[in-house]
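Here is a friendly walk through a structure, in questions and answers. Have the viewer open and follow along.

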Amino acid sequence: MNQQPAIAPSTARAAAQSHFRTLRPGTPFQPRIDALARTNDWYNWAGYRAPHSLWDEELEYFAIRSQAALFDISPMTKYRVEGPDAEAFLNRITLRDVAKLKPGRVHYTAWCDDEGFVLDDGTLFRLSPTRFRLCSQERHLPWLLDSAIGFEVIVEEETEAVAGLALQGPTSFAVLRDAGFADVERLKIFDIAEFPHDGSSQGTSRVTISRTGFTGDLGYELFVPAEHALSLWDRLMLAGELRGIRAIGYAALNRARLEAGLIVANADFVTAVHAVRPNRLRMPDEIGLGFMIDFDKGHFNGRRAIVSARAKKRLRHVLVGLEIEGNIPAEHAMVYYRKSQEVGLVSAAMWSPMAKRNIAIASLARPFGDTIVDDLWVEIYAMRELQYQKLMKRAKVVPRPFIKLDRRTANPPADF
Amino acid sequence: MKSWDAIVIGGGHNGLVNACYLQRAGLDVLVVEKNGWVGGAATSRELTPGFLYSNCSYVCSLFRPEIMRDLELPRFGLQVIAYEGGAVFTRDGDYLANYRDHDAHRREFARFSRRDAEAYDRYARDVTRQCRFIQPLLMRTAPDPTSFRPRDLGELLYLGKKFAGLSAEEMALTLRFWTMSISDFLDEYFETDVVKANFALSGIIGTALGPMSPGTAYVLLHHYMGEVDGSVGAWGYARGGMGAVTQALAASFEASGGTIRTGAEVDHVTIRRGKARGVVLASGEEIHGKLVVSNADVKRTFLKLVEERELPDIFLRRVRNFRIRGSSGKVNIALDSLPEFPALPKDSPVYRGDMHFTDSMERMERAYDDWKAGRWSADPFLDMVIPTTLDPTMAPSGKHFMSCFVQYAPPKVNGGDWTDADRDGFAESVIAQISDYSPGFRNRIVHMEVRTPREIEAEVGLTEGNIFQGELTFDQLLFNRPVPGYAQYRSPVAGLYMCGSSTHPGGGVMGAPGRNAAAEILSDLAKPTKHMSPAHDVI
Amino acid sequence: MTSFDAIVVGGGHNGLVSAAVLAKSGRNVLVLEAAGDVGGAARTEEFAPGFRVSSIAHLLNRLHPDVVTTLELEKHGLQIARSAFVPSVALSTDGPPLVLHGAYGEVLTGASPTGQTAWKDLRAQLLRYAGILKPLLARRPPDLSGMSLLDTASLGQTALALKKLGKEDMRDFLRVLLMNVADLLDEQLSDDRLKGLLAFDATLGSHLGPRSPTSLLGLYYRLAGESGGAAGAQILPKGGMGAVISAICVAAEKAGVTSRTNTPAARIIVEKGRAVGVALASGEEIRARTIVSAINPATTVFDLVGPLEFDTGFIRKVKNIRMNGDAAKLNLALDRPPQFAGVDAAGHKGRLVIAPSPDHVERAFNPSKYGEFSPEPVMEITLPSLADSSLAPDGACVLSAVVQYAPYALREGWASGRGKFLNAIMAQLETYAPGIGKTVRHAELLTPADIEARYRMPGGHWHHGELQADQMLMSRPVAGWSGYDTPIDGLFLAGAGSHPGGGVSGAPGLNAARRIIAMKG
């Protein structure tokens, strides 16, 4: 009686059923990473099994700063944005002026909802006049599709289809050159170019290399179709053998990015779609991204709200770099004014080997960190053998990045 | 002759919660229960040898953890086991599963729509925000907006402040949310029919409304406000069946010195000079009490147990107009083996969760159209669980108990009372639907109990078999529940209180009405309430 | 190039009201109308040789008194006399009809004595409760993001009116506010004809059945309207609805409004986030300080401005406005006046309603949920030529009916569905007015799809968006932008898609104009 005509499910849909057996699938590089995973120290990156560390968290960090470190960025969310209106579409969504982004260039950007609250930050690659790749921490397909109403543009997620690697560190250029990526020295910071790979000079197996990274160091990011991922890995590892190339996990990268003063969505601020508590929402000016906003480019999402918040002085928070006395990392410490008034929270902290300073990124309630920068303190609870050592340490607001390495932008890149 | 401090009519979960709190405040409390067992609609009954049936309510989530702790229910045997999954079977031989793991959930939805898979986060955020607004209201007595007593003003102010604490966007969403249909609400987030059907079912369970009826978005909220040990919105099985909840309550009550009399049906409440003085049982026996609390629904209490002349006309009119609509039935089945669903991989966690067969909004709504026309649904909506996949205590080894909650079942069939033939026809619609997805299902059936609104009303005493003791529409929520002017657990009769699901915050095995009523009673008696935990913080 | 202070896009009644009020304030106003005539869905049109009819709206029952007085419409030829009030007749196949005389049944005939008493009580209660909501019609909805003193004061007034009800009445008001109409009727009435009529009135023009929660609001909305100072009163304007438009036009012209017909706006010109003019389909551009869109909000946003100028969340909200209509319009040219069984001459000049019971209305509603039309539709019928012979040739008759439910997105498509639906309507009419079918000289059935095409109303919805609780007040047309402003500076909305909603009330147009004047726009 209840039988309704049966339709066969699409075979692709049926084939995908089995995903429940693998809750944390690997990336296209997983066979290589698994082979190198001595610590078996995994974490969940956007649903993927990603290494927290592979062999030694500390030494992995030093691989970034003194050799070349290879880090799998495949789990990063990637969208292909293509069409005659792609530039206009992205200009409406993001804060920066996309018209100023030339083909073959990348910029770091962010995007907001109507209220001017940050949905995410990410990198925008202009691969051609009408083709872009938007990379971000979180997923935004409904937002991007709804934003595309009225624009001639295709938005497609390509996270699984495109594998990505970050090759970072002083010898990274030399590794690429030795791996046969001819003319890679021409890439200036934020440049992109395509290179032949797997015997193909064009078509689907080409590698897109950008001189970008998340370490504040000389470095590159490489994108390749998933099916050519392993050969790319092998090509780099082989070429880098004598240049000290090492695969690394996230813990090392996280240190490098903190030294570089870079922020991470849902670590240093809560993205708007995930903020259940309204007071966790942040405007660009409240997380140090105010510099991106380009009011000359016409309308963009959140523009009215941002203009109004600035005009009415409704910005409530500020994200600052702190230098803290002593050497005990102040991870998640409360920030106080005059040791008594609670004014904020540290979201990331470490002893910086490169700066030889105890650094942190903190979110403070204005005017603290904005007009009042003196007499700030952090309360560090250092767990030592089952006891908290409670320390009240003086904190100084300092500019980010905490370290500045000339080799990051040197042209041509140095051959270490 | 003995006069109890309080007599609680009805040993359902709210009656027992109420009795426990009163007893622990030092009162001498008697619970009188019509059936030979306590539990009301939260029972585990051995209806065929070796099988325990959760024959009314069948899953647990809403029961307030504050009450579990206050009344030491784990010590008396209560343990809740969370579901491992759930699914809606689709007519094309596939299914849409719900997995606990966030990423598995997303990947599963992406099988049908990548957009919907990613839309879930915003949906979850918005629903969570609404839950956080409502949740603290569950354990509070609703204010009377027409009263200018400081307490009501204070509560109104609390509500107002909570509301004003929302952003303008949230306020607007809250106002819309309370009046929207779940179908329209879901349309604003999702594009795929089966995805919508998957979420919409929480908007209709227990109500006499279809997913396209305004107000069903709120019903969804009502089902999302629960938790399993801090996992908000999760559902689970009570180990040993839902009777474990009321058994633990009864044991807790008795351990604190309370008295339960089963097989004691109340004929009426004795009222002298406008004050409740006790109850008279069907047997004619009179029991004296200083106050009486009724766990029965508001209609049963005031239209059957209290004489009309004791009640003001306007109150009676409103009680008569209170809508308790039978809309659901149960088919409880003992199985000699675990049924197979060819669509479902054998190792799927979905077996250990809730399963459904209604894969479109239209099918769900059409099932409701049948109810409106006075028929049971030809293509019913089922909420089907096999608790024995997680709780081996409910059936002999290797055998299984299956509970099917069925919508819609009208209180009357084409205007007439349910007959046995109707009941069998109703059961057949359920078995036929399951069999469509599980060949050979019939052959596994060892025993079956079919409960239409007729059976539920007769046994449990729920008017029309309505599981919420009254519809959860706005006209019957908060200060309107059960009736305006009497939304604070008191009645026009001094010393007669209400503590059932007819009162705020409504139905489901939640316990909050019983607890809130106890707080009001103890406040009237100027007794301390230190033994009652305040509502858990929502931070 | 001439330039204007304000350009009103859309010459429907709200556009005209808005233009007239703005012009009276001293502004130089231009109205742009795409069609050959102004008036939108409130025109009087010839639909068959010699037969004229009110295009969509055919009864005047809610023209706002502030509109009438502000524009001095009575001076300009509009007649709203008590003597013109027409009755509502609830038709029945089982016996004589029930007639509500005067302003929404001040006198009821055809009912039992107990039925009379029950109606008297219910009518008084409905009017009392609708009266509490009435002041909300002529003001901006409160702004949730920052309640101004005025907002608080107006809410305070509502609260005060509520308190004046007395405790028990206030309790009932709060209880029934969001209830379904069928339950309320069942609580208080027993006559199916009367209940059917009220259930029909509550759901007319919306995608709700009488058993849908919140459907009672539809009845309040109707009763919050008034004619000649009497709540719920209805009039068949002489000359059809076009006569109302004519009066507004006279007021507009006197105030100096320029109007251009056959002039569709192609686009609203936005520069630096500010609306500065309108580009016509011809390519001509006209500049103005203020642009008032009195057409559908979604059309305004998507077609005239374009999504580029708006935030994505706003676009999302506009896209989510539900505006698929369920009401069709039937115009019949008849050889002679029909005879509805049991209805007297006065009744024939009134509003004849086929909605025999709430259950019948509910059953008619069911198919519309699935994109099917009602096999036994419900409808309100007027025979305007009986009182105004200018509308039809001698001896002939015009029948004008609003029929539900005819879902805009008919699953089978209106190309094949139209004929079937017309047959279903005619079968109903034949039951109540035997022989009518043979007298049909011409039949024009406007489905929502036709209404969309002809009157540029997306979804064919005369409210330009479902008038349900979640799309009312602060949520109309979308939450955050309910006060006639838009995210574009200098662009305002003035159509039925804005608060308080549709029907020939002029209230959105009036409120928008007042807002613009207050903003010095």
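A residue is called buried if 20 or more other C-beta atoms lie within 10 Å of its own, exposed if 12 or fewer, and partly exposed in between, with C-beta atoms placed from the backbone. Helices (H or I, at least four residues) and strands (E, at least two) are DSSP runs, numbered from the N terminus. This is a predicted model, in which local features need pLDDT of at least 70 and side-chain atom pairs count only at pLDDT 80 or more, while totals for chains, interfaces and linings use all residues. Residues are numbered from 1 along each chain as its sequence is written, and chains are lettered from A and ligands numbered from 1 in the order in which they are written.

Q: Which residues of helix H3 (residues 102-110) of chain B are buried?
A: The buried residues of H3(B) pack against strand E8 (95-99), helix H4 (114-134) and helix H8 (193-204) of chain B; packing here rests on contacts, where two residues are in contact if their C-beta atoms, placed from the backbone, lie within 7 Å. The buried residues of H3(B) are Ala104(B), Arg106(B), Arg107(B), Glu108(B) and Phe109(B).

Q: Is Val8(C) buried or exposed?
A: Val8(C) sits in strand E1 (residues 4-9) of chain C. Leaving aside its neighbours within four places in sequence, Val8(C) is in contact with Gly15(C), Ser18(C), Ala19(C), Val29(C), Val31(C), Leu32(C), Val292(C) and Ala294(C). Because Val8(C) has 38 C-beta neighbours inside 10 Å, it counts as buried.

Q: What distance separates the C-alpha atoms of Val8(C) and Leu30(C)?
A: Val8(C) belongs to strand E1 of chain C. Val8(C) and Leu30(C) are 22 residues apart along the chain, and their C-alpha atoms are separated by 6.0 Å.

Q: What distance separates the C-alpha atoms of Ser128(A) and Met334(A)?
A: Ser128(A) is part of strand E6 (residues 118-128) of chain A. It counts as exposed because it has 10 C-beta neighbours inside 10 Å. Along the chain, Ser128(A) and Met334(A) are 206 residues apart, and the separation of their C-alpha atoms is 46 Å.

Q: Is H3(A) parallel, perpendicular or oblique to H8(A)?
A: The axes of helix H3 (residues 57-66) of chain A and helix H8 (residues 250-259) of chain A come within 8 Å and cross at roughly 50 degrees. Axes are lines fitted to C-alpha atoms, for helices over the stretch in contact, and angles run from 0 to 180 degrees between N-to-C directions. Angles under 35 degrees count as roughly parallel, over 145 as roughly antiparallel, 65 to 115 as roughly perpendicular and the rest as oblique. Therefore H3(A) is, relative to H8(A), oblique.

Q: Which residues make the contact of H3(A) and H8(A)?
A: The residues of this contact divide into five nonpolar, no polar and three charged, where Ala, Val, Leu, Ile, Met, Phe, Trp, Tyr, Cys and Pro count as nonpolar, Asp, Glu, Lys and Arg as charged, and the others, Gly among them, as polar. The contact is made by Glu57(A), Glu60(A), Tyr61(A) and Ile64(A) of H3(A) and Ala251(A), Ala252(A), Arg255(A) and Ala256(A) of H8(A).

Q: Which helix gives the most to the side of chain B that touches chain C?
A: Here 30 residues of chain B are in contact with 31 residues of chain C. Helix H6 (168-177), helix H12 (313-321) and helix H13 (361-372) of chain B each supply at least two residues of that side. By class, the side has twelve nonpolar, eight polar and ten charged residues. With six residues, the helix that gives the most is H6(B).

Q: Which helix gives the most to the side of chain A that touches chain B?
A: In this interface, 26 residues of chain A are in contact with 35 residues of chain B. Helix H1 (11-15) and helix H5 (141-147) of chain A each supply at least two residues of the chain A side. That side divides into 15 nonpolar, seven polar and four charged residues. With three residues, the most comes from H5(A).

Q: What is the phi of Asn40(A)?
A: Most residues other than glycine have a negative phi, and most peptide bonds are trans. Asn40(A) lies in the loop between helix H2 (30-36) and strand E1 (41-45) of chain A. Asn40(A) is exposed, because 10 other C-beta atoms lie within 10 Å. Although Asn40(A) is not a glycine, its phi is positive, at about 50 degrees.
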